[in-house]
Amino acid sequence: MGAGSARVHTVTGAFGYSGKYIAARLLDRGIEVQTLTNSVDRANPFGGRVRAYPMNFDDTRGLVKALSGSDVLYNTYWVRFNYSGGKVSFLHSVAVENTKKLFAAAREAGVRRVVHVSITNPSKDSPYEYFRGKAELEEALIGSGLSYAILRPTVLFGEEDILINNIAWLLRRFPVFGVFGGGTYRLQPIYVDDLAELAVRYGASRQNLVVDAIGPETFTYRELVRTIGEIIRKRRPILSIPNRLGLLAGRLVGAWVGDVTITGEEIRALSADLLHTSSPPAGKTRLTEWAWAHKDTLGVRYSSELARRRDRRKSYEELRGR
Ligand SMILES: NC(=O)c1ccc[n+]([C@@H]2O[C@H](COP(=O)([O-])OP(=O)(O)OC[C@H]3O[C@@H](n4cnc5c(N)ncnc54)[C@H](OP(=O)(O)O)[C@@H]3O)[C@@H](O)[C@H]2O)c1
């Protein structure tokens, strides 16, 4: 059995980004927490209070055993893009199959409820594999017979964030900023701890739910860049550039920092307004207020997706680049 009492909650990736905030909130409530993770040795702030089990999808028995006695599973597991390079490779299609194995293991282990982190506007007909995969997983969870809450966030922000941080990083380093196309597509960023609050709240509920987890402010991409620039005092001319040129610029920066900064699919999905919904805000923290409070540190160091996958020992904060 993964844990001794029925009050144990399992969080995937509790030493990563959103999972860390969910775990912290559960611990604050006096709930026993364990994690399933690819990074059992990653530095973390919990001081041994969160037991770590390997998220080995080839070991169904092991997954079931780890999940036995868990009341709620909070699933944050996903891969941001398809990538193959050296020792690190990952694919959306594999993440879809793995997550289905996780749901099956949760069911077999008698987990009462799954809180699953998805994305805004998932669709099985989407031209984008990220959004198709997320739709397939929502359908799998809904059809699994498990009690569920599905949270659909847009972009998250917080100290370990990548997108908002790296916009600020680019603004600090370059004299101009290029936005893909007109930059008129919209985003409703949600604070990572507001997402965690929703996850914990809906983990305690018994109703099956699908919730757009969006923040209180809506920005066009261009407004977002301008606002961040104003807050960190790096006002730059914002140029509209074709997607292909944006991708090329992203690749050049990526080669410099040893990361995939952005993919063509991410640019197209963003441009298709898929990070915007017409739902009421579910989070209350305003990105602008948070950014003002973090104006001296936001974007000072680059946040690398690949560094997080290559190094499984350092915390996300330690892995920030120059
Ligand atoms: N970050 C955002 O802005 C954002 C926006 C919209 C939706 N979401 C959704 O929110 C959820 C959590 O995102 P997050 O940013 O908080 O992620 P995260 O903490 O970095 O990772 C979540 C989990 O997925 C695992 N993982 C991530 N990338 C992986 C890879 N390439 N190969 C293998 N495992 C990988 C992590 O591994 P470890 O166990 O090694 O930590 C962790 O268990 C995801 O479902 C994502 O789709 C995030």
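Predicted model: local features only at pLDDT ≥ 70, side-chain atom pairs only at ≥ 80, totals over all residues.

Before I point at anything, one convention: a crossing is left-handed if the near helix is turned anticlockwise from the far one by less than a right angle, and right-handed if clockwise. Helices (H or I, at least four residues) and strands (E, at least two) are DSSP runs, numbered from the N terminus. Residues are numbered from 1 along each chain as its sequence is written.

So, with that convention in hand, α1 passes α6 in a right-handed crossing. Their axes come within 8 Å and cross at roughly 55 degrees; axes here are lines fitted to C-alpha atoms, for helices over the stretch in contact, and angles run from 0 to 180 degrees between N-to-C directions. That makes α1 oblique to α6, given that under 35 degrees counts as roughly parallel, over 145 as roughly antiparallel, 65 to 115 as roughly perpendicular and the rest as oblique.

Who touches whom? From α1 we have S18, Y21, I22, R25 and L26, and they meet V192, D193, L195, A196, E197, A199 and V200 of α6. Contact means that the C-beta atoms, placed from the backbone, lie within 7 Å. By class that is 8 nonpolar, 1 polar and 3 charged residues, with Ala, Val, Leu, Ile, Met, Phe, Trp, Tyr, Cys and Pro as nonpolar, Asp, Glu, Lys and Arg as charged, and the others, Gly among them, as polar.

Zooming out, the chain is divided into domain 1 (8–157 + 188–213) and domain 2 (163–186 + 217–310), with bounds that come from an automatic or database domain assignment. Over C-alpha atoms, the two centres are 25 Å apart. Domain 1 puts 23 residues into the contact and domain 2 puts in 26. On the domain 1 side, α4 (129–142), β12 (190–191), α6 (192–204) and β13 (209–213) each supply at least two residues. That side has 15 nonpolar, 4 polar and 4 charged residues.

Now the ligand. Around it sit 25 residues, and the closest are G13, G16, Y17, S18 and N38; a residue counts as near if its C-beta atom, placed from the backbone, lies within 6 Å. α1 (18–28) and α11 (305–310) are the elements giving two or more residues to this shell. Each domain contributes at least three residues to the shell, and its classes come out as 13 nonpolar, 9 polar and 3 charged.

I164, I167, A168 and L171 in α5 meet V225, I228 and G229 in α7, which gives 6 nonpolar, 1 polar and no charged residues.

Then there's α8 (residues 243–257) with α9 (residues 264–271), at about 135 degrees and axes 10 Å apart. That pair is therefore oblique. N243, G246 and L247 of α8 meet G264, I267, R268 and S271 of α9, for a tally of 2 nonpolar, 4 polar and 1 charged.

Methods. Contact = placed C-beta atoms within 7 Å.
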